[in-house]
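This report covers one protein chain. It looks at pockets, then at helix packing.

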Amino acid sequence: MAAQATWLEDAAAEWLGIRINLTLLKHESAVRLLFEGVGYSLALVVGAMLATTAFALGLAWLMSHGPRPLRRCIGLLSMLGQTSPLPLLLFFGYVVAGGITQYSGPVALIAAVVVIGFYNGANAGRAIDDAYRVAPGRSFLGAVSAAGIQLVAFLINATKGSPAAGMIGVPEFLNVMTDLSAYSRDRVAVYLTLLVFYTGLVLAVIALLARLEARLAEHVQRTQ
């Protein structure tokens, strides 16, 4: 990639009058770390979205169908997710994961997926439960469809909040870029790369969720 990186530097200087430093793309070890960071980021986003969905559906089902004592406990648990800051929950997940097993990148990834999923799933689950209670005759799937906008919003929020996992040691893209460019004087290329990567990631998730939401709405209409 060194030749392509040099060409981009020259093109930016010639066409835009901006001097960027793409030295990171000219060293094999740095490129390997960058690709590893991209892999962790993608795994983190997919895992956080799946965990958010699982927590949302699970908590909503238990709050609406479980025994009364269980519904109250689940309601308090979801309230904890709604009112606690994400960094505090991530730190709690870090402490618990470090106390259970030897802390490493994969362990940090799992802890972050669970915490981010719980944080966003608690809010989405409350929205589904509210939609179910508003119309008692509505099926649970109908309540999920009615709260689809909120569920999609918190799935997108899980994607946008994924870089916060770097604070507990997940070697995702932001964390890797920060470490590799810590002593670099040229920050333009770093911030531009981060902007393009995370913006593209969020846009891809939005497009995917829009298609899934439309299919869910069609399925609910056919079953009613």
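## Largest pocket

Which residues lie nearest the centre of the largest pocket? They are Asn21, Leu22, Leu25, Ala189 and Thr193, and 34 residues line the pocket. The model is a predicted one: local features need pLDDT of at least 70, side-chain atom pairs count only at pLDDT 80 or more, and totals for chains, interfaces and linings use all residues. Residues are numbered from 1 along each chain as its sequence is written, and side-chain values use heavy atoms, with hydrogens and water left out.

The largest pocket holds about 730 Å³ of space. A pocket is an open set of points on a 1 Å grid over the protein atoms alone, where a 1.4 Å probe fits, with protein on both sides within 12 Å along at least five of seven lines; lining residues have an atom within 4 Å of a point. Grid points are joined across faces, edges and corners, and the volume is the space filled by probe spheres set on them. Helix 1 (2-16), helix 2 (28-65), helix 8 (173-180) and helix 9 (188-223) each give two or more residues to this lining. By class, the lining has 25 nonpolar, seven polar and two charged residues. Ala, Val, Leu, Ile, Met, Phe, Trp, Tyr, Cys and Pro count as nonpolar, Asp, Glu, Lys and Arg as charged, and the others, Gly among them, as polar.

## Second largest pocket

The second largest pocket has a volume of about 380 Å³. Its lining comprises 17 residues, and Thr53, Leu151, Leu155, Leu209 and Leu212 are the closest to its centre. Helix 2, helix 6 (140-146), helix 7 and helix 9 each supply at least two lining residues. The lining divides into 14 nonpolar, two polar and one charged.

## Overall fold

The chain has nine helices and zero strands. Helices (H or I, at least four residues) and strands (E, at least two) are DSSP runs, numbered from the N terminus. The C-alpha atoms fill a box of roughly 65 × 45 × 25 Å along the principal axes.

## Helix 5 and its partners

Helix 5 (residues 105-134) and helix 7 (residues 148-160) have axes that come within 9 Å and cross at roughly 170°. Helix 5 is therefore roughly antiparallel to helix 7. Axes are lines fitted to C-alpha atoms, for helices over the stretch in contact, and angles run from 0 to 180 degrees between N-to-C directions. Angles under 35 degrees count as roughly parallel, over 145 as roughly antiparallel, 65 to 115 as roughly perpendicular and the rest as oblique. Contact residues (heavy atoms within 4.5 Å) include Tyr119 and Asn123 of helix 5 and Phe154 of helix 7. This contact has seven nonpolar, four polar and no charged residues.

Helix 3 (residues 68-83) packs on helix 5 at about 130°, with the axes 8 Å apart. That angle makes helix 3 oblique to helix 5. Five nonpolar, five polar and three charged residues form the contact of helix 3 with helix 5.

Helix 2 and helix 5 pack at about 40°, with their axes 5 Å apart. Their contact has 22 nonpolar, nine polar and three charged residues.
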